[in-house]
Amino acid sequence: INAEYMGPFLIGLLSQFDLNHVTYKTYFVGYLPIYFGSLSSSSTFVLHYISSTSFSSYPNSIKTTRHLSLWRSCTPLPDLSRVRSFSSFSSPSSSSLSSPSTELNHGNSLKYLKRFACSLDNQHIIKIHGADTIKYLQGLISNDMKQIVDAGSGYTAWLNAKGRFLFHSFLTYSQSENGEPVIFVQTHEDYHSLLVTHLRMYRLRNKVMIEDVSKDYSVNVLVSKDPADHQFSKTSNSVVSFPDQRLPKLITRLVTQPRELTSIHGLSLYSNSALFDTFLRCYGIGDSKQELQPNISIPLECNLDQLNAISFEKGCYLGQELTARTHYQGLVRKRLFPVFLLPSTSTLSLSSFRPDLEPAPASSTNLCIPSLSSLIAFNPNQNSSDPNLLFPPELIDFSQDLSKAGEIPLIGLDITSQTGQKIGQLLNTKHNVGIAMLRLEYLNSYDDSFSVNVGGQTFRVIPYCPDWMLAQN
(Lines give C-alpha, C1' and ligand atoms only; values in the text may rest on other atoms or scores of the structure.)
Protein backbone atom coordinates (compact mmCIF):
# COMPACT_ATOMS: atom_id res chain seq x y z
CA ILE A 1 0.00 0.00 0.00
CA ASN A 2 1.38 3.41 -0.90
CA ALA A 3 2.04 5.10 2.45
CA GLU A 4 1.57 8.63 1.13
CA TYR A 5 -2.20 8.23 1.21
CA MET A 6 -2.30 7.44 4.90
CA GLY A 7 0.43 9.66 6.27
CA PRO A 8 -1.56 12.89 6.82
CA PHE A 9 -4.54 11.11 8.33
CA LEU A 10 -2.49 9.08 10.80
CA ILE A 11 -0.36 12.03 11.85
CA GLY A 12 -3.52 13.99 12.60
CA LEU A 13 -5.01 11.11 14.53
CA LEU A 14 -1.89 10.40 16.55
CA SER A 15 -1.52 14.06 17.46
CA GLN A 16 -4.64 13.72 19.63
CA PHE A 17 -3.14 10.94 21.77
CA ASP A 18 -1.00 11.18 24.88
CA LEU A 19 1.63 8.71 23.73
CA ASN A 20 3.06 8.30 27.25
CA HIS A 21 -0.06 6.36 28.23
CA VAL A 22 -0.45 4.09 25.25
CA THR A 23 0.36 0.39 25.27
CA TYR A 24 1.50 -0.09 21.73
CA LYS A 25 0.83 -2.70 19.11
CA THR A 26 2.75 -2.62 15.86
CA TYR A 27 0.95 -2.60 12.52
CA PHE A 28 2.18 -2.06 9.01
CA VAL A 29 0.53 -0.27 6.13
CA GLY A 30 2.89 -0.98 3.29
CA TYR A 31 6.15 0.54 4.44
CA LEU A 32 4.52 2.69 7.12
CA PRO A 33 4.51 1.36 10.71
CA ILE A 34 1.45 2.37 12.71
CA TYR A 35 1.42 2.26 16.49
CA PHE A 36 -1.98 2.00 18.12
CA GLY A 37 -3.31 0.52 21.33
CA SER A 38 -5.26 1.17 24.51
CA LEU A 39 -5.31 4.54 26.18
CA SER A 40 -5.39 5.01 29.94
CA SER A 41 -8.95 6.30 29.56
CA SER A 42 -9.90 2.69 28.65
CA SER A 43 -11.01 3.74 25.16
CA THR A 44 -9.51 1.38 22.61
CA PHE A 45 -8.20 2.31 19.18
CA VAL A 46 -6.82 -0.82 17.49
CA LEU A 47 -6.33 -0.20 13.80
CA HIS A 48 -6.95 -3.40 11.83
CA TYR A 49 -7.74 -1.60 8.61
CA ILE A 50 -9.23 1.66 7.44
CA SER A 51 -11.71 2.07 4.64
CA SER A 52 -14.41 4.59 3.83
CA THR A 53 -17.02 2.22 5.25
CA SER A 54 -15.19 1.08 8.37
CA PHE A 55 -14.42 4.64 9.50
CA SER A 56 -18.09 5.25 10.23
CA SER A 57 -17.97 2.56 12.90
CA TYR A 58 -15.18 4.25 14.88
CA PRO A 59 -16.08 5.87 18.23
CA ASN A 60 -17.30 9.45 18.05
CA SER A 61 -14.38 10.48 20.28
CA ILE A 62 -12.03 10.32 17.31
CA LYS A 63 -14.39 11.67 14.64
CA THR A 64 -13.42 15.29 14.98
CA THR A 65 -13.83 17.76 12.14
CA ARG A 66 -10.09 17.72 11.73
CA HIS A 67 -10.00 13.95 11.34
CA LEU A 68 -12.84 13.90 8.85
CA SER A 69 -11.22 16.61 6.75
CA LEU A 70 -7.95 14.71 6.79
CA TRP A 71 -9.83 11.57 5.89
CA ARG A 72 -11.49 13.18 2.90
CA SER A 73 -8.17 14.66 1.79
CA CYS A 74 -6.65 11.18 1.51
CA THR A 75 -8.39 10.35 -1.74
CA PRO A 76 -8.08 8.18 -3.70
CA LEU A 77 -8.09 5.91 -0.64
CA PRO A 78 -6.46 2.48 -1.06
CA ASP A 79 -8.04 -0.74 0.20
CA LEU A 80 -6.29 -1.54 3.48
CA SER A 81 -8.12 -4.76 4.31
CA ARG A 82 -4.86 -6.72 4.13
CA VAL A 83 -3.15 -4.78 6.94
CA ARG A 84 -2.14 -7.24 9.65
CA SER A 85 -0.68 -7.12 13.15
CA PHE A 86 2.95 -8.17 13.51
CA SER A 87 4.00 -7.75 17.12
CA SER A 88 3.50 -5.90 20.36
CA PHE A 89 5.92 -4.02 22.52
CA SER A 90 5.77 -1.78 25.54
CA SER A 91 5.75 1.96 25.05
CA PRO A 92 9.14 3.71 24.95
CA SER A 93 10.32 5.75 27.90
CA SER A 94 13.31 7.83 28.84
CA SER A 95 14.53 4.99 31.06
CA SER A 96 14.63 2.45 28.27
CA LEU A 97 17.74 0.33 27.95
CA SER A 98 20.66 2.24 26.56
CA SER A 99 22.64 0.41 23.94
CA PRO A 100 26.12 0.89 22.53
CA SER A 101 24.87 -0.84 19.42
CA THR A 102 21.55 -2.50 18.71
CA GLU A 103 23.12 -3.80 15.54
CA LEU A 104 26.72 -4.85 15.87
CA ASN A 105 28.00 -1.91 13.87
CA HIS A 106 31.12 -1.27 15.92
CA GLY A 107 33.04 -3.33 13.40
CA ASN A 108 36.16 -4.99 14.65
CA SER A 109 36.47 -2.91 17.82
CA LEU A 110 34.25 -5.59 19.41
CA LYS A 111 37.01 -8.19 19.03
CA TYR A 112 38.88 -6.61 21.96
CA LEU A 113 35.99 -6.84 24.43
CA LYS A 114 36.79 -8.11 27.91
CA ARG A 115 33.23 -7.94 29.22
CA PHE A 116 29.78 -6.90 28.06
CA ALA A 117 26.13 -6.98 29.14
CA CYS A 118 23.02 -7.67 27.07
CA SER A 119 19.28 -7.59 27.43
CA LEU A 120 18.12 -10.82 25.77
CA ASP A 121 15.15 -10.19 23.52
CA ASN A 122 14.89 -13.87 22.50
CA GLN A 123 14.02 -15.32 25.92
CA HIS A 124 10.58 -16.29 27.23
CA ILE A 125 9.59 -17.21 30.79
CA ILE A 126 7.03 -19.79 31.90
CA LYS A 127 5.87 -19.99 35.52
CA ILE A 128 5.02 -23.42 36.96
CA HIS A 129 3.63 -23.63 40.46
CA GLY A 130 1.52 -25.94 42.62
CA ALA A 131 1.90 -28.75 45.12
CA ASP A 132 3.14 -31.31 42.54
CA THR A 133 5.57 -29.02 40.69
CA ILE A 134 8.82 -30.77 41.71
CA LYS A 135 7.51 -34.31 41.10
CA TYR A 136 5.96 -33.23 37.80
CA LEU A 137 9.18 -31.71 36.42
CA GLN A 138 11.41 -34.48 37.77
CA GLY A 139 9.85 -36.90 35.28
CA LEU A 140 10.22 -34.54 32.32
CA ILE A 141 13.69 -32.97 32.47
CA SER A 142 17.17 -34.48 32.12
CA ASN A 143 18.62 -32.74 35.18
CA ASP A 144 17.86 -33.51 38.83
CA MET A 145 15.19 -31.29 40.38
CA LYS A 146 16.59 -31.99 43.84
CA GLN A 147 19.91 -30.42 42.87
CA ILE A 148 18.14 -27.50 41.19
CA VAL A 149 16.06 -26.83 44.30
CA ASP A 150 19.16 -26.99 46.54
CA ALA A 151 21.16 -24.66 44.26
CA GLY A 152 18.23 -22.36 43.50
CA SER A 153 18.76 -22.64 39.73
CA GLY A 154 19.84 -25.06 37.04
CA TYR A 155 20.15 -25.81 33.34
CA THR A 156 18.35 -28.74 31.71
CA ALA A 157 17.25 -30.40 28.50
CA TRP A 158 13.84 -31.79 27.62
CA LEU A 159 13.73 -34.99 25.54
CA ASN A 160 11.13 -36.96 23.65
CA ALA A 161 10.33 -40.61 24.37
CA LYS A 162 13.09 -41.75 21.96
CA GLY A 163 15.74 -39.71 23.75
CA ARG A 164 15.99 -37.03 21.07
CA PHE A 165 16.40 -33.38 22.04
CA LEU A 166 13.26 -31.23 22.27
CA PHE A 167 14.13 -28.05 24.20
CA HIS A 168 16.63 -26.60 26.67
CA SER A 169 15.97 -24.13 29.45
CA PHE A 170 17.08 -22.54 32.70
CA LEU A 171 15.09 -23.18 35.86
CA THR A 172 14.99 -21.00 38.98
CA TYR A 173 13.33 -22.11 42.21
CA SER A 174 11.36 -20.10 44.76
CA GLN A 175 8.37 -20.52 47.04
CA SER A 176 4.96 -18.91 47.10
CA GLU A 177 3.51 -17.26 50.20
CA ASN A 178 1.80 -20.50 51.18
CA GLY A 179 5.04 -22.46 50.86
CA GLU A 180 4.31 -24.17 47.54
CA PRO A 181 7.22 -24.51 45.06
CA VAL A 182 7.42 -22.07 42.15
CA ILE A 183 9.64 -22.75 39.14
CA PHE A 184 10.41 -20.14 36.50
CA VAL A 185 11.47 -21.67 33.18
CA GLN A 186 13.56 -19.53 30.79
CA THR A 187 13.69 -20.78 27.22
CA HIS A 188 14.68 -19.55 23.78
CA GLU A 189 11.92 -18.11 21.60
CA ASP A 190 12.46 -20.96 19.11
CA TYR A 191 11.14 -23.46 21.67
CA HIS A 192 8.66 -21.39 23.67
CA SER A 193 5.31 -22.36 22.16
CA LEU A 194 6.34 -26.01 21.77
CA LEU A 195 7.45 -26.17 25.40
CA VAL A 196 4.15 -24.74 26.65
CA THR A 197 2.28 -27.39 24.64
CA HIS A 198 4.61 -30.10 25.96
CA LEU A 199 4.06 -29.04 29.57
CA ARG A 200 0.29 -29.02 29.23
CA MET A 201 0.23 -32.39 27.49
CA TYR A 202 2.03 -34.10 30.38
CA ARG A 203 0.28 -32.23 33.19
CA LEU A 204 -2.43 -34.91 33.47
CA ARG A 205 -3.71 -34.90 37.06
CA ASN A 206 -0.70 -33.20 38.61
CA LYS A 207 -1.62 -30.25 40.80
CA VAL A 208 0.32 -27.62 38.85
CA MET A 209 -0.46 -24.35 37.12
CA ILE A 210 1.35 -23.29 33.94
CA GLU A 211 1.48 -19.59 33.04
CA ASP A 212 3.31 -17.61 30.37
CA VAL A 213 4.78 -14.60 32.22
CA SER A 214 7.20 -13.41 29.53
CA LYS A 215 5.74 -9.88 29.52
CA ASP A 216 6.34 -9.49 33.24
CA TYR A 217 10.10 -10.08 33.18
CA SER A 218 13.27 -9.19 31.33
CA VAL A 219 16.30 -11.52 30.99
CA ASN A 220 19.79 -9.97 30.98
CA VAL A 221 23.30 -11.40 30.93
CA LEU A 222 26.73 -10.24 32.03
CA VAL A 223 29.76 -11.84 30.34
CA SER A 224 33.23 -11.42 31.85
CA LYS A 225 36.31 -13.44 32.82
CA ASP A 226 36.80 -11.33 35.96
CA PRO A 227 35.28 -13.14 39.00
CA ALA A 228 34.63 -9.78 40.69
CA ASP A 229 32.14 -8.90 37.95
CA HIS A 230 29.95 -11.82 38.96
CA GLN A 231 29.49 -10.69 42.55
CA PHE A 232 26.06 -9.16 43.10
CA SER A 233 24.62 -7.79 46.31
CA LYS A 234 20.93 -8.19 47.07
CA THR A 235 19.76 -4.68 46.21
CA SER A 236 16.23 -5.41 45.03
CA ASN A 237 13.69 -8.16 45.55
CA SER A 238 12.76 -7.87 41.88
CA VAL A 239 16.28 -8.75 40.63
CA VAL A 240 17.28 -12.42 40.58
CA SER A 241 20.85 -13.28 39.55
CA PHE A 242 22.31 -16.74 39.03
CA PRO A 243 25.17 -18.30 37.04
CA ASP A 244 24.56 -19.58 33.55
CA GLN A 245 25.44 -23.23 34.28
CA ARG A 246 26.84 -23.76 30.80
CA LEU A 247 29.70 -21.34 31.55
CA PRO A 248 29.23 -20.43 35.23
CA LYS A 249 32.58 -18.62 35.51
CA LEU A 250 31.88 -16.42 32.48
CA ILE A 251 28.12 -15.71 32.40
CA THR A 252 25.69 -14.40 35.01
CA ARG A 253 22.00 -14.19 34.16
CA LEU A 254 19.78 -11.53 35.75
CA VAL A 255 15.99 -11.63 35.69
CA THR A 256 14.30 -8.30 36.39
CA GLN A 257 11.09 -6.47 35.79
CA PRO A 258 10.92 -4.99 32.28
CA ARG A 259 13.24 -2.00 31.79
CA GLU A 260 14.42 -2.05 35.40
CA LEU A 261 18.10 -2.27 34.43
CA THR A 262 19.88 0.21 32.20
CA SER A 263 23.37 -1.00 33.09
CA ILE A 264 25.21 -3.75 34.97
CA HIS A 265 28.37 -2.83 36.88
CA GLY A 266 28.59 0.32 34.81
CA LEU A 267 28.18 -1.49 31.49
CA SER A 268 25.40 -0.19 29.29
CA LEU A 269 23.17 -2.99 28.07
CA TYR A 270 23.15 -4.02 24.45
CA SER A 271 19.45 -3.93 23.68
CA ASN A 272 19.28 -7.30 21.93
CA SER A 273 20.93 -10.70 21.97
CA ALA A 274 23.06 -10.41 18.81
CA LEU A 275 26.43 -10.06 20.56
CA PHE A 276 25.59 -12.77 23.10
CA ASP A 277 24.57 -15.12 20.27
CA THR A 278 27.97 -14.59 18.63
CA PHE A 279 29.68 -15.21 21.98
CA LEU A 280 27.85 -18.53 22.44
CA ARG A 281 28.83 -19.69 18.96
CA CYS A 282 32.44 -18.69 19.58
CA TYR A 283 32.42 -20.84 22.73
CA GLY A 284 30.80 -23.80 21.00
CA ILE A 285 27.39 -23.62 22.69
CA GLY A 286 24.26 -24.34 20.70
CA ASP A 287 21.26 -22.19 21.63
CA SER A 288 18.75 -21.98 18.78
CA LYS A 289 16.83 -24.58 16.80
CA GLN A 290 19.42 -24.53 14.01
CA GLU A 291 22.10 -25.94 16.34
CA LEU A 292 19.83 -27.87 18.74
CA GLN A 293 17.19 -29.34 16.46
CA PRO A 294 13.93 -30.58 18.06
CA ASN A 295 13.25 -34.31 17.53
CA ILE A 296 16.53 -34.67 15.60
CA SER A 297 19.54 -33.79 17.78
CA ILE A 298 21.02 -36.30 20.24
CA PRO A 299 21.77 -34.64 23.62
CA LEU A 300 25.30 -36.01 24.04
CA GLU A 301 26.29 -35.04 20.50
CA CYS A 302 25.24 -31.49 21.41
CA ASN A 303 27.55 -31.60 24.47
CA LEU A 304 24.63 -31.21 26.89
CA ASP A 305 26.28 -33.79 29.15
CA GLN A 306 29.34 -31.52 29.43
CA LEU A 307 27.29 -28.34 29.86
CA ASN A 308 25.67 -29.47 33.14
CA ALA A 309 22.27 -30.21 31.57
CA ILE A 310 22.10 -33.95 32.31
CA SER A 311 22.20 -35.91 35.57
CA PHE A 312 23.19 -39.58 35.26
CA GLU A 313 22.39 -40.27 38.91
CA LYS A 314 18.67 -39.40 38.95
CA GLY A 315 15.90 -41.89 38.28
CA CYS A 316 13.75 -42.33 35.23
CA TYR A 317 12.61 -39.42 33.08
CA LEU A 318 11.27 -39.03 29.57
CA GLY A 319 14.01 -40.12 27.11
CA GLN A 320 16.37 -41.36 29.83
CA GLU A 321 17.06 -44.85 28.44
CA LEU A 322 18.83 -43.89 25.21
CA THR A 323 20.74 -41.06 26.90
CA ALA A 324 22.09 -43.32 29.66
CA ARG A 325 22.98 -46.13 27.25
CA THR A 326 24.84 -43.75 24.93
CA HIS A 327 26.74 -42.29 27.88
CA TYR A 328 27.82 -45.56 29.49
CA GLN A 329 28.64 -47.34 26.24
CA GLY A 330 30.62 -44.41 24.84
CA LEU A 331 28.81 -44.37 21.51
CA VAL A 332 29.33 -40.66 20.75
CA ARG A 333 31.00 -40.41 17.34
CA LYS A 334 30.35 -36.75 16.56
CA ARG A 335 29.91 -33.56 18.55
CA LEU A 336 29.21 -29.87 18.17
CA PHE A 337 32.35 -27.77 17.73
CA PRO A 338 32.87 -24.07 17.12
CA VAL A 339 34.58 -23.18 13.85
CA PHE A 340 36.03 -20.09 12.24
CA LEU A 341 35.44 -19.52 8.54
CA LEU A 342 38.35 -17.88 6.74
CA PRO A 343 38.66 -16.83 3.10
CA SER A 344 40.12 -19.52 0.87
CA THR A 345 43.02 -17.15 0.20
CA SER A 346 43.97 -16.94 3.90
CA THR A 347 47.53 -18.06 4.65
CA LEU A 348 46.98 -18.84 8.33
CA SER A 349 47.83 -22.45 9.11
CA LEU A 350 47.32 -24.86 11.97
CA SER A 351 50.93 -24.43 13.10
CA SER A 352 50.25 -20.71 13.47
CA PHE A 353 47.81 -21.43 16.28
CA ARG A 354 49.46 -24.43 17.92
CA PRO A 355 53.16 -24.72 17.15
CA ASP A 356 53.46 -27.75 19.45
CA LEU A 357 50.54 -29.57 17.77
CA GLU A 358 49.77 -31.41 20.99
CA PRO A 359 46.34 -33.05 20.82
CA ALA A 360 43.54 -31.33 22.70
CA PRO A 361 41.59 -34.15 24.39
CA ALA A 362 37.83 -34.16 23.92
CA SER A 363 35.57 -37.08 24.69
CA SER A 364 37.58 -40.28 24.26
CA THR A 365 39.44 -39.04 21.22
CA ASN A 366 42.66 -37.05 20.95
CA LEU A 367 41.93 -34.14 18.66
CA CYS A 368 44.61 -32.34 16.70
CA ILE A 369 42.84 -29.00 16.79
CA PRO A 370 43.69 -25.77 18.59
CA SER A 371 42.05 -24.76 21.85
CA LEU A 372 40.11 -21.51 22.17
CA SER A 373 42.65 -20.12 24.66
CA SER A 374 45.45 -20.72 22.14
CA LEU A 375 43.47 -18.81 19.51
CA ILE A 376 42.94 -15.89 21.88
CA ALA A 377 46.69 -15.88 22.67
CA PHE A 378 47.66 -16.12 18.99
CA ASN A 379 49.51 -13.02 17.79
CA PRO A 380 51.51 -13.10 14.54
CA ASN A 381 53.61 -10.15 15.73
CA GLN A 382 54.74 -12.14 18.78
CA ASN A 383 53.56 -9.38 21.12
CA SER A 384 51.94 -10.23 24.42
CA SER A 385 48.23 -11.06 24.21
CA ASP A 386 45.65 -10.30 26.89
CA PRO A 387 44.18 -13.59 28.19
CA ASN A 388 41.09 -11.75 29.47
CA LEU A 389 39.86 -11.05 25.94
CA LEU A 390 36.61 -12.84 25.18
CA PHE A 391 37.23 -13.32 21.45
CA PRO A 392 40.32 -14.30 19.38
CA PRO A 393 41.17 -10.88 17.90
CA GLU A 394 43.23 -12.26 15.01
CA LEU A 395 40.43 -14.54 13.80
CA ILE A 396 36.98 -13.12 14.50
CA ASP A 397 35.69 -10.57 12.03
CA PHE A 398 32.66 -8.61 13.21
CA SER A 399 32.59 -6.61 9.97
CA GLN A 400 31.77 -9.76 8.01
CA ASP A 401 28.39 -11.47 8.08
CA LEU A 402 28.40 -14.77 6.24
CA SER A 403 24.70 -15.24 6.91
CA LYS A 404 24.16 -12.64 4.18
CA ALA A 405 26.23 -14.67 1.74
CA GLY A 406 23.72 -17.51 1.79
CA GLU A 407 21.04 -18.92 4.06
CA ILE A 408 22.15 -21.90 6.14
CA PRO A 409 19.43 -24.56 5.75
CA LEU A 410 18.13 -26.33 8.84
CA ILE A 411 19.93 -29.56 7.87
CA GLY A 412 23.24 -27.69 7.50
CA LEU A 413 25.94 -27.27 4.86
CA ASP A 414 28.44 -30.05 4.22
CA ILE A 415 32.02 -29.54 5.42
CA THR A 416 34.50 -31.54 3.37
CA SER A 417 38.17 -32.48 3.52
CA GLN A 418 40.68 -31.92 0.74
CA THR A 419 39.90 -35.37 -0.64
CA GLY A 420 36.18 -34.61 -0.76
CA GLN A 421 35.17 -36.65 2.29
CA LYS A 422 32.26 -35.28 4.28
CA ILE A 423 33.47 -34.69 7.83
CA GLY A 424 30.46 -32.81 9.22
CA GLN A 425 27.91 -30.05 8.74
CA LEU A 426 27.91 -26.32 9.38
CA LEU A 427 24.65 -25.69 11.25
CA ASN A 428 24.71 -21.96 11.90
CA THR A 429 26.96 -18.96 11.51
CA LYS A 430 27.17 -15.28 12.39
CA HIS A 431 29.97 -13.04 11.19
CA ASN A 432 32.74 -15.58 10.51
CA VAL A 433 32.20 -17.88 13.50
CA GLY A 434 29.86 -20.85 13.42
CA ILE A 435 28.67 -24.07 15.02
CA ALA A 436 29.35 -27.37 13.24
CA MET A 437 28.58 -31.03 13.92
CA LEU A 438 31.88 -32.80 13.22
CA ARG A 439 32.84 -36.47 13.23
CA LEU A 440 35.55 -37.08 15.81
CA GLU A 441 37.44 -39.62 13.68
CA TYR A 442 38.39 -36.91 11.16
CA LEU A 443 39.78 -34.63 13.86
CA ASN A 444 42.50 -37.12 14.89
CA SER A 445 44.62 -36.18 11.91
CA TYR A 446 43.36 -32.73 11.13
CA ASP A 447 45.26 -31.54 8.06
CA ASP A 448 44.17 -27.90 7.90
CA SER A 449 42.21 -28.43 4.69
CA PHE A 450 38.54 -28.48 5.69
CA SER A 451 36.24 -26.25 3.64
CA VAL A 452 32.58 -25.30 3.19
CA ASN A 453 30.65 -23.54 0.44
CA VAL A 454 28.43 -20.68 1.66
CA GLY A 455 26.40 -18.80 -0.93
CA GLY A 456 28.70 -19.88 -3.76
CA GLN A 457 31.87 -18.87 -1.89
CA THR A 458 34.38 -21.38 -0.54
CA PHE A 459 35.69 -20.80 2.99
CA ARG A 460 38.36 -22.57 4.98
CA VAL A 461 37.00 -24.16 8.16
CA ILE A 462 39.12 -23.93 11.32
CA PRO A 463 37.58 -26.11 14.08
CA TYR A 464 38.80 -25.64 17.64
CA CYS A 465 38.16 -26.98 21.12
CA PRO A 466 36.47 -24.70 23.69
CA ASP A 467 38.22 -24.60 27.04
CA TRP A 468 35.17 -25.89 28.94
CA MET A 469 35.44 -29.10 26.93
CA LEU A 470 39.09 -29.46 27.93
CA ALA A 471 38.21 -28.89 31.59
CA GLN A 472 35.45 -31.52 31.49
CA ASN A 473 37.87 -34.12 30.18
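Which residues have the most contacts inside the largest nonpolar core?

**View 1. The largest nonpolar core.** Phe116, Trp158, Leu199, Phe276 and Phe279 have the most contacts inside this core of 99 residues. A nonpolar core is a set of buried Ala, Val, Leu, Ile, Met, Phe, Trp, Tyr and Cys residues joined through side-chain atoms within 4.5 Å. Buried means under 20% relative accessible area (1.4 Å probe, protein chains only). Strand β16 (residues 334-343) supplies the largest share of the core, 6 residues. Strands are DSSP runs of E, at least two residues, numbered from the N terminus. The model is predicted: local features need pLDDT of at least 70, side-chain atom pairs count only at pLDDT 80 or more, and totals for chains, interfaces and linings use all residues. Residues are numbered from 1 along each chain as its sequence is written, and side-chain values use heavy atoms, without hydrogens or water.

View 2. In β9 (residues 181-188), 8 of 8 residues are buried. Pro181, Ile183, Val185 and Thr187 lie on one side. Val182, Phe184, Gln186 and His188 lie on the other. In a regular strand, side chains alternate between the two faces of the sheet.

**View 3. The partners of β9.** Strand β6 (residues 123-129) pairs with β9 in the antiparallel sense over 7 bridges. Pairing requires at least two DSSP bridges between the strands. Glutamine 123 has histidine 188 of β9 as its bridge partner. Strand β8 (residues 165-175) also runs antiparallel to β9, joined by 7 bridges. Here phenylalanine 170 is partnered with glutamine 186.

**View 4. The β8-β9 hairpin.** Between the strands lie 5 residues. Glycine 179 takes a positive phi near 85 degrees in this hairpin.

Conventions: Buried < 20%, exposed > 50% of the residue type's maximum accessible area, 1.4 Å probe, protein only. Helix = DSSP H or I, 4+ residues; strand = E, 2+ residues; numbered from the N terminus.
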